[in-house]
Amino acid sequence: MAALDSFDALRRLAAAVVALGRIKLELLALGWQEEKAHIALLLLVATLGSLLTGFALLALAITITVSLWDTPYRMLALVITTALLGLGALVSIWRMVTLLRMPSPLLAVNIHELRRDETALRGGEPR
């Protein structure tokens, strides 16, 4: 009977250790959520910087076009610079939307496994 009580106490201790580990991982996941918000802010600033760089490129394209205005290549300069800048903008937007739609399963599998371990050590049926 004493061995059974020791085994139950050991099992409860193991369950408590697993529960503590799960709590720590959940706190880590919450910290990661805050870090994602920080990264989103950095992305916003980078986007603003990219937008301003795009305006500078647009001004350069206008400068080139104006300098070629008296030549037969002015329309070609306008078309090429417009196409390149537009294509770059579309690719950037498409890539950003793709990245933002990707789920972030950070530690989700680990937390689920720790919950299963905790339940099994407490004597319940693992889910």
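Which helix gives the most to the lining of the largest pocket? Helix 1 does, with 10 residues.

1. Basis. The model is predicted: local features need pLDDT of at least 70, side-chain atom pairs count only at pLDDT 80 or more, and totals for chains, interfaces and linings use all residues. Residues are numbered from 1 along each chain as its sequence is written, and side-chain values use heavy atoms, without hydrogens and water.

2. Largest pocket. Its volume is about 510 Å³. A pocket is an open set of points on a 1 Å grid over the protein atoms alone, where a 1.4 Å probe fits, with protein on both sides within 12 Å along at least five of seven lines; lining residues have an atom within 4 Å of a point. The lining has 18 residues, with Ser 50, Leu 51, Gly 88, Ala 89 and Ser 92 nearest the centre. It divides into 12 nonpolar, six polar and no charged residues. Helix 1 and helix 2 (74-101) each supply at least two; helices are DSSP runs of H or I, at least four residues.

3. Second largest pocket. This one has about 360 Å³ and 12 lining residues. Lys 36, Ile 39, Leu 43, Leu 99 and Leu 100 lie nearest its centre. Here helix 2 gives the most, with five residues. The lining holds eight nonpolar, two polar and two charged residues.

4. Contacts of Leu 114. Leu 114 touches Val 18, Gly 21, Arg 22 and Leu 25, leaving aside residues up to four places away in sequence. Contact means heavy atoms within 4.5 Å.

Notes: Points joined across faces, edges and corners; volume = space filled by probe spheres on them. Nonpolar A, V, L, I, M, F, W, Y, C, P; charged D, E, K, R; others polar.
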